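Q: Can you walk me through this one? I'd like the conventions as we go.

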Amino acid sequence: MVARIVIAAPASGSGKTTVATGLMAAFAAGGLAVSPHKVGPDYIDPGYHALATGRPGRNLDAYMCGTELIAPLFAHGARGCDLAVVEGVMGLFDGAAGQGELASTAQVAKVLRAPVVLVVDASSQSRSVAALVHGFAAWDPAVRLGGVILNKVATDRHEALLREALEESGVPVLGVLRRAPAVATPSRHLGLVPVAERHAEALDAVAAQAEQVRLGCDLEGLLALARSAPELRADAWDPGAALRPHAGGAVVSGLPRSGSAGAGAGAGAWGCPPEAPPAAADPRPAVAVAGGAAFTFSYAEHAELLRAAGADVVPFDPLRDEELPEGTSGIVIGGGFPEVYAPELSANSRLRKAVAGLAEAGAPVAAECAGLLYLARSLDGKPMCGVLDADARMSERLTLGYREAVAVTDSALAAAGTRMRGHEFHRTVIEPGAGPQAAWGLRQPGPRVEGFVRQGVHASYVHTHWAAAPETALRFVRHCAEWAERAERSG
């Protein structure tokens, strides 16, 4: 039984991240073990959540992972915690375009049986705030609106007018926050600047957010509301148990060989018993995972699945490290901001050549979005790894949205015909947009093919969440193990 609360808003820009992060930090400073969560595919906010709580920020995305996985993933992240704070996405009832409540904050709150606190930007209203809050409280009776936090309140007189109006709504005011520049977090073309790029400043901002929330919010009332959440019956997701249904067949280093039973494109398994799969025999293949300031986008479950599948996960920083980790048998390069660091990435020619050499040798390489750009021939005219015969550049156009994807080509990540759901979020373009062997076929916008498959490389703009298809991690690690075995035999 974990106390839990969802921080939502009528619209983006209302102050959800400031309030949610401040609450996490304030409660953690008070001695509670706080589990941080974010609705939707966002990678940046969870970095601030992790800074506030000392625990990995985890996403709850009903589109990418399926509604059935929301409670198990929540229980996995919140295991052993006193309190879970869930930051919403966009407006409370906004979700996947054209699909009703799917992937909305409201849907996740209902699945988690969690009370909602609405953060309202009150900067340009007084009595009208009551009509707004009443509308959100009445729209879906299954969503329990437990209180309001008023943000960007100007003066004592403004606060009095807002409180007087809200007395008629029946929704309690649980906090009032004034305008405070110290709590602001800088933004750029894809949202907030990630923690990894401004760690010292981010620490100061989170501390300021915690102090603002401590002074302006009723922490005891908010904790009591969180503790009023009813029992949530859900077995915690477990990476080993998720892999077990896909781990049959002959093995290499404890992993199924290519083409063996269990290597297909199943939809994942929900509600598996909390058991680990058979342990991989040594040596475990080393999977190098890109990190550092240029590659900050990743889901915590990916590394957990790679380890459960039998890999040693070894981080490396393409901005600083001149060599890949010793014994690397595969590379994972997730999302981030390589366009911001193109000169520095280009200047690290030794690592670029090492990545290109491993890819040319046929080692598995999984690259999403920023990773795709890094593998290209160039980015904004700066030489990159040259693994792909393509060039990338910044664009004025934002590409954003959920995607339904079908694997077009067999790869180290997926067999042809595998269906997955993903998300695109970038202001860059790559030309051509697909190689002779494309990675995915997409329904929207389109239909079109996208991405590149070449030898062991799978590179695409589409972000995926492997918890929805754990066989992805198993397949990738299996290919890494097989490649390492072949490399060792060939000397």
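A: Two strands pair if DSSP finds at least two bridges between them. Helices (H or I, at least four residues) and strands (E, at least two) are DSSP runs, numbered from the N terminus. This is a predicted model, where local features need pLDDT of at least 70, side-chain atom pairs count only at pLDDT 80 or more, and totals for chains, interfaces and linings use all residues. Residues are numbered from 1 along each chain as its sequence is written, and side-chain values use heavy atoms, with hydrogens and water left out.

Q: How many bridges join strand 22 to strand 23?

A: Three, and strand 22 and strand 23 (residues 457–460) run antiparallel. Within that pair, V453 is opposite H458 of strand 23.

Q: Which sheet order are they part of?

A: An open sheet of six strands, ordered 13-12-14-15-23-22, with mixed pairing. Strand 13 (312–316) and strand 22 (452–454) are its edges, each pairing on one side only.

Q: What lies across strand 14?

A: Helix 13 (residues 349–360) does, at about 115° to strand 14 (328–333). Helix 15 (residues 471–490) also lies across strand 14, at about 145°. Axes are lines fitted to C-alpha atoms, for helices over the stretch in contact (heavy atoms within 4.5 Å), and angles run from 0 to 180 degrees between N-to-C directions.

Q: Switching to helix 1: buried or exposed?

A: 11 of its 14 residues are buried, so helix 1 is largely enclosed by the rest of the structure. Buried means under 20% relative accessible area, exposed over 50%, partly exposed in between (1.4 Å probe, protein chains only). The buried ones include K16, L23 and F27.

Q: What follows helix 1?

A: G31, with a positive phi near 100°.
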